[in-house]
Amino acid sequence: MNNKGNRRSMWSLNLSTAAIALIPAAIGINYLGKLFAGLLRLPLWLDSIGTVLASILAGPVIGALAGIINNVIFGLTADPISTVYAVTSGAIGLVTGIMAYKGWVSSIKTAAITGLVVGLVAAVVSTPLNILFWGGQTGNVWGDAFFAYLINNNVPLWLASFGNSIIVDVPDKIATVLISYFIFKALPNNFKNIFRGGHKIEEL
């Protein structure tokens, strides 16, 4: 997956037709993942699969844009607080895109490690937001139960909130990156090469 020889610079903002089309597709995948997790009442979010996949395919800039726009749209249409977490989604896109470019999503093992790193970053970014808007909770049943346990045992609020985020975000992001990895592996090489710069495509 680390194809530096035929890919553009990691930080280039290649607003091609394919890259722009990838953003709404990523948003749709995020929504489906969240719906799936909700229907099955999973202790995970699964709402960043599209963001992660966009990062793997098109780099950190497009991945971050997909994540940010996803949260802004959801915030405007369903849950206003979601807009605040656009910061977290942007960080998820950036970190995944950087690690994928460096070859850290090239196997199941490296994808799992990337998921661990992304989960830690998401927890660090989300914790102050959770404290500010939710009193330290995340809205996840498992995470909030762990948060309540820590608070009842006199753990400081910020640490309890961070523990809440860790127990949810780390497993969620490991699962998310692994799912995205398997989707990426299943895609045709010709399709992947569009985002690597291997094909000439219309530029805006």
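User: What volume does the largest pocket have?
Analyst: Keep in mind that this is a predicted model. The pocket in question is the largest one here, and its volume comes out at about 640 Å³.

User: Which residues lining the largest pocket are the closest to its centre?
Analyst: The lining has 26 residues. The elements that give two or more residues to it are α1 (17–39), α3 (60–77), α4 (86–101), α5 (108–134) and α7 (157–186). Closest to the centre, you'll find K34, W45, D47, N71 and Y85.

User: How does the lining of the largest pocket divide into nonpolar, polar and charged residues?
Analyst: Let's go through the classes one at a time. Charged residues number five and polar ones twelve. That leaves the nonpolar class, with nine.

User: Which residues make the nonpolar surface patch of about 720 Å²?
Analyst: One of them is L35, which sits in helix α1.

User: Is L35 buried or exposed, or partly exposed?
Analyst: Buried would need under 20% relative accessible area, and exposed would need over 50%. L35 has 38% relative accessibility, so this leucine counts as partly exposed.

User: How far apart in space are P171 and L116, C-alpha to C-alpha?
Analyst: P171 belongs to helix α7, and at 37% relative accessibility it counts as partly exposed. Along the sequence, P171 and L116 are 55 residues apart. In space, their C-alpha to C-alpha distance is 7.7 Å.

Note on methods
Residues are numbered from 1 along each chain as its sequence is written. This is a predicted model: local features need pLDDT of at least 70, side-chain atom pairs count only at pLDDT 80 or more; totals for chains, interfaces and linings use all residues. Side-chain values use heavy atoms; hydrogens and water are left out. On a 1 Å grid over the protein atoms alone, a cavity is a set of points where a 1.4 Å probe fits but cannot get out, and a pocket is an open set with protein on both sides within 12 Å along at least five of seven lines; lining residues have an atom within 4 Å of a point. Grid points are joined across faces, edges and corners, and a volume is the space filled by probe spheres set on the points. Helices (H or I, at least four residues) and strands (E, at least two) are DSSP runs, numbered from the N terminus. Ala, Val, Leu, Ile, Met, Phe, Trp, Tyr, Cys and Pro count as nonpolar, Asp, Glu, Lys and Arg as charged, and the others, Gly among them, as polar. Patches are made of residues with over 30% relative accessible area and no salt bridge: like charges are joined within 9 Å, nonpolar side chains (Val, Leu, Ile, Met, Phe, Trp, Tyr) within 5 Å. Accessible areas come from the Shrake-Rupley method with a 1.4 Å probe; for residues, only the protein chains shown count as cover. A salt bridge is a side-chain nitrogen of Lys or Arg within 4 Å of a carboxyl oxygen of Asp or Glu. Buried means under 20% relative accessible area, exposed over 50%, partly exposed in between (1.4 Å probe, protein chains only).
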